[in-house]
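I opened my notebook to look up a few features of this chain, beginning with a sheet and ending with charged pairs.

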Amino acid sequence: MKRILIIKMSALGDILHTLPAVTDALKANPDICFDWLCEQPFMDVARLHPAVRQVIGHPRLRWKKNRWSMQTLREQLSFYKALRHEKYDLVIDAQGRIKSARVGWLSGSPVVGLDKDSATDSETRLFYRQGYNVPRDMNAVERVRKLFAQALGYQYQGEPDFGIQGHRLDNAFPEYTGAWICFHGTTWASKHWPEANWIDLLAQAKQEQQMVLLPWGSEQERQRAERLTTEAQWGVVLPKLSLWQLSGIISRCAAAVGVDTGLMHIAAACGVPTVSVFGSTSVALTAAHGERVINLASSYSCSPCLKKVCPLNEESPPCYAELNATRVRDTVRELSGKHCE
């Protein structure tokens, strides 16, 4: 059995984009055994694929806080000693960053990844036995699929299969089955759907008595969720949950609405009817994949601008004007096979 270590350290969406490549590889060669190394906060995402034997949590974020302490140095020595003991046949760096390439090199096993024209950090080539060319303008999912196919010597075809099996996920909170779930949190300010639109969507759901869930991952997101549900007088702010617990809830929802964020990709991969809202970022590069997905992209003149902050209106980017709550609600109903009144 060929033992492969995947290195895709962060973030949530990037890790999720790698799952179909695992499915492709196993279809081509069922004797492959995959381990996965990622940063500790994202271990539950790597666990979503049932073929991943072991997920190795990297404490990079914690080590950064005390980079030169003796405790950190001792932990690093122990961590990489254990990693080298695994003796993988191949390490695939699917991240293309210095932080991931260095970890691959420290594993002591042969490392491959994106070549200098494809990787985010061109210096990664110094750590690789071989680099492969994958066009930068490909969708994120297809980029990883192409990298794995070249590294492991097979051809892939068809729609991406994330391999997620709903029955394996956490089955807590059955009372939320059939709800809509709204992913309002994201990183860039420009990717946020204006709060007025979220409030309008919640108000429309209230008219139909449709339960709506709002998850959160930070204090800022929790405060936004509370603000939205208070203004709309509708919606359930979820408690603090692990990614594994939240994935279980997502898999049993009737529909999902989200901005360009990792959780939206989990919903799509689970087969939940998913409507994504894209303004500043590109559908061509990071669209959600799935049989029941509609990615709504703005036709505004400067969209996608790929800027973290909108230079025209920081609080309410004009590219979202046409992507209002009614359009999103109608798209959800269309996707889930229901008709609006």
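These entries record what I looked up in the model, which is a predicted one.

Entry on the sheet. I traced an open sheet of six strands, which run in the order E9-E8-E7-E10-E11-E12 with parallel pairing. I noted that strand E9 (236–237) and strand E12 (293–297) stand at the edges, and because each has a single partner strand, one side of each is left without a neighbour in the sheet. I then saw that helix H13 (residues 325–335) packs on the sheet and touches strand E7 (180–183), strand E10 (255–259), E11 and E12, while its direction makes about 160° with that of E12. Between strand E11 (residues 274–278) and E12 I found parallel pairing over five bridges, and there Thr274 has Val293 of E12 as its bridge partner.

Entry on the surface. I looked up a nonpolar surface patch formed by Trp68, Met70 and Leu73, which together have about 390 Å² of accessible area. Trp68 sits in the loop between helix H4 (60–65) and helix H5 (70–86), and I wrote Trp68 down as exposed because its relative accessible area is 71%, where exposed means over 50%.

Entry on salt bridges. The count came to 18 salt bridges. One of them joins Arg60 to Glu39, with the closest N and O atoms 2.7 Å apart, and this pair links distant parts of the chain, since Arg60 is in helix H4 and Glu39 is in strand E2 (residues 32–39), 21 residues apart. Glu39 counts as buried at 2% relative accessibility, whereas Arg60 is partly exposed at 21%. I also noted Glu219 and Arg222, whose closest N and O atoms are 2.6 Å apart; both lie in helix H9 (residues 219–232), about one turn of the helix apart.

Terms used. Residues numbered from 1 in each chain as written. Predicted model: local features only at pLDDT ≥ 70, side-chain atom pairs only at ≥ 80, totals over all residues. Heavy atoms only, no water. Pairing = 2+ DSSP bridges. Helix = DSSP H or I, 4+ residues; strand = E, 2+ residues; numbered from the N terminus. Contact = heavy atoms within 4.5 Å. Axes fitted to C-alpha atoms, helices over the stretch in contact; angles between N-to-C directions. Patch = residues over 30% accessible without salt bridge, like charges linked within 9 Å, V, L, I, M, F, W, Y side chains within 5 Å. Areas by Shrake-Rupley, 256 points an atom, 1.4 Å probe, with all protein chains shown as cover. Salt bridge = Lys/Arg side-chain N within 4 Å of Asp/Glu carboxyl O. Buried < 20%, exposed > 50% of the residue type's maximum accessible area, 1.4 Å probe, protein only.
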